Amino acid sequence: MDFEFYIGFNKDVAVTLYDIKYKGERIFYELGLEEALAHYAGSDPKSSHTAFLDSYYGFGPYTYELVKGYDCPLNSDYLDTVLHMDGNTTTNFDSICLYESDAGFPIQRHTTHRMATVTRNTVFNLRFVSTIGNYDYQFTYSFLLDGSIEVAVRASGYIQSTYYYGNEEYGYKIQKHLSGSMHDHVLTFKADIDIKGDKNTFETTKFVPAKVKYPWDKKEMNTMKVERSLLKNEDDAKINWAPNGAAQYSILNTEKPNVWGEYPGYRIAPGHGTPIHSTVIDSSIIKDSGH
């Protein structure tokens, strides 16, 4: 698969990957979870004052043994995790699994009138599950043949409920006296990317509608263009994902262009579905911790 990396493990966020290389060249210094927020809302004092920052409890101590054949394929390889806390050393056996899988679609294909070419889309996966209170978080880091990396999180477990009376604007009735509790899950990750060294730049590429008068056409044409901009500081890099997917964000090395004069880089892209951010603005519960 042409990837290599070092696996770190700690109390706060469990697994962090370091020194990720693709074809022998470093692309990440560090990649891993930073925080997981669960922010609730409701008509009663408990629900309206409930917000969890789960790294406080720690993901590491609750990364338990995986269920073979369910959490991971039966033919997976497994790693143990070890933590030293409060003077005690605890080992959770078979709590990280490593396996290859087929993505279910080819990574490329093309058919002509004479032949067809197709390449199997094999993925290498690292997976673990951390159970924080009532929620089980399944983390999967996937490494693809084209050099891309995908991070996926799936939540399971059981819901935190509340008394149903007066809670109609915050959830649905699920039992005679119970309502579900409206809440957000927002997880943040640290991605310290190194593209051909550590002197990298953040680039925004926008796809914008345009009216252009070309010299070969008498009429003005409605079309679209690319607008590129290099950000100067971290404040400028605070982004909300563009609607309609009309922008992309990349980490580039502008000091080492390729033979065509283009800058090498890695694109940061949202996963499946709509990118998530906290619905609550300036939370009265977690205050500045939510920024």
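View 1. Asp235 is exposed, at a relative accessible area of 55% (exposed means over 50%, buried under 20%, and partly exposed in between, with a 1.4 Å probe and protein chains only). Lys238 is likewise classed as exposed, its relative accessibility being 66%. The two side chains form a salt bridge with an N to O distance of 3.6 Å (a salt bridge is a side-chain nitrogen of Lys or Arg within 4 Å of a carboxyl oxygen of Asp or Glu). The model is predicted: local features require pLDDT of at least 70 and side-chain atom pairs count only at pLDDT 80 or more, whereas totals for chains, interfaces and linings use all residues. Residues are numbered from 1 along each chain as its sequence is written, and side-chain values use heavy atoms, with hydrogens and water left out.

View 2. By the stated rule, nine salt bridges are counted.

**View 3. The salt bridge between Asp94 and Lys68.** The N to O distance between these side chains is 2.8 Å. Asp94 belongs to strand S6 (residues 88-102), while Lys68 sits in the loop between strand S4 (51-53) and strand S5 (77-85); the pair links distant parts of the chain, 26 residues apart (strands are DSSP runs of E, at least two residues, numbered from the N terminus). Lys68 is partly exposed, with a relative accessible area of 36%.

**View 4. The salt bridge between Arg120 and Asp102.** The closest N and O atoms of this pair are 3.1 Å apart. Arg120 is exposed at 60% relative accessible area, whereas Asp102 is partly exposed at 42%.

Technical notes
Helix = DSSP H or I, 4+ residues; strand = E, 2+ residues; numbered from the N terminus.
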